[in-house]
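Please look over the sequence and the three-dimensional structure shown here, and then read the report that follows with both in view.

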Amino acid sequence: MPSTGAERTLVMIKPDAFERKLVEFIRAEIESTGLEITSIGHVGFTLELVREFYQWERIKWPETVADYLCRRPIPLWLVTGSNAVARMMEIKWRLRRSLCSGDHRNLLHCSSANEKFLWEYSVLQTSGMIVVCDQESRA
């Protein structure tokens, strides 16, 4: 767990980051800001878990969402450091602006507030869909 005063945020590396071979680039961008990354496992999303996680009343395009988020395990990183939430949000939007084409494929997810992190992590933990990785694993 992070030291006192450090914030935590959950980061999910989405399939398009793998397809485009951007995972190590994203990791380097995060680490270059002094934030620490711990790989905590992978989540195997189902459509129901996607709906619950994103708090969607319904999934508008279930086939598209299933093809994108449910076809492979999604790596989970715990990112910690001073102002981790705000800094990760800045990194996420910068990467999306420079690397995304505007469709739903948007490289990564990160919690937008500490309370959101706690809620999202709880949803994933109670889902039983997290596979914990050893500390040597990297997404």
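## Ser-39 and strand 2

At 9% relative accessibility, Ser-39 counts as buried, a word used here for residues under 20% relative accessible area, whereas exposed means over 50% and partly exposed lies in between (1.4 Å probe, protein chains only). Ser-39 has its place in strand 2, which covers residues 36–43; strands (E, at least two residues) and helices (H or I, at least four) are DSSP runs, numbered from the N terminus. Although Ser-39 and Pro-75 are 36 residues apart in sequence, their C-alpha atoms are 7.5 Å apart in space.

The model is a predicted one, in which local features need pLDDT of at least 70 and side-chain atom pairs count only at pLDDT 80 or more, while totals for chains, interfaces and linings use all residues. Residues are numbered from 1 along each chain as its sequence is written, and side-chain values use heavy atoms, with hydrogens and water left out.

## Leu-76 in strand 3

Leu-76 lies in strand 3, which is made of residues 74–81, and it is buried, with a relative accessible area of 0%. Contact means heavy atoms within 4.5 Å, and, not counting residues up to four places away in sequence, Leu-76 touches Leu-10, Val-11, Met-12, Thr-38, Ser-39, Ile-40, Gly-41, His-42, Val-43, Leu-124 and Ile-130. Ser-39, described above as a residue of strand 2, is therefore one of the residues that Leu-76 touches by this contact rule.

The C-alpha atoms of Leu-76 and Asn-106 are separated by 15 Å, and these two residues stand 30 residues apart along the chain.

## Helix 2 against helix 5

Helix 2 (residues 23–31) and helix 5 (residues 84–99) pack with their axes 10 Å apart and at an angle of about 140 degrees, where axes are lines fitted to C-alpha atoms, for helices over the stretch in contact, and angles run from 0 to 180 degrees between N-to-C directions. That angle makes helix 2 oblique to helix 5, because angles under 35 degrees count as roughly parallel, over 145 as roughly antiparallel, 65 to 115 as roughly perpendicular and the rest as oblique. On the side of helix 2 the contact is made by Phe-25, Ile-26, Glu-29 and Ile-30, and on the side of helix 5 by Met-88, Ile-91, Arg-94, Leu-95 and Leu-99.

Val-23 also has its place in helix 2, and this residue is buried, with a relative accessible area of 7%. Ten residues separate Val-23 from Ile-13 along the chain, and their C-alpha atoms are separated by 7.4 Å.

## Aromatic rings and charges

Rings of Phe, Tyr and Trp (its six-membered ring) pair if their centres lie within 6.5 Å, and planes under 30 degrees apart count as stacked, over 60 as edge-to-face and the rest as tilted. By this rule the count comes to four aromatic pairs. The rings of Phe-53 and Tyr-54 have their planes at 85 degrees and their centres 5.0 Å apart, so this pair is edge-to-face. Tyr-54 and Trp-56, in turn, form a stacked pair, with 5.1 Å from centre to centre and 20 degrees between the planes. Phe-53 is buried at a relative accessible area of 0%, Tyr-54 counts as buried at 18%, and Trp-56 is partly exposed at 33%. Ring pairs link Phe-45, Phe-53, Tyr-54 and Trp-56 into a cluster.

A charge sits over a ring if NZ of Lys or CZ of Arg is within 6 Å of the ring centre and within 35 degrees of the ring normal. Arg-27 lies over the face of Trp-77, at 4.6 Å from the ring centre, and Arg-72 lies over the face of Phe-18, at 3.9 Å from the ring centre.

## Two positive phi values

Asn-83 has a positive phi of about 55 degrees although it is not a glycine. Asn-83 has its place in the loop between strand 3 and helix 5, and it is partly exposed, with a relative accessible area of 46%.

Leu-107, likewise a residue other than glycine, has a positive phi near 70 degrees. Leu-107 is found in the loop between helix 5 and strand 4 (108–110), and it is buried, with a relative accessible area of 0%.
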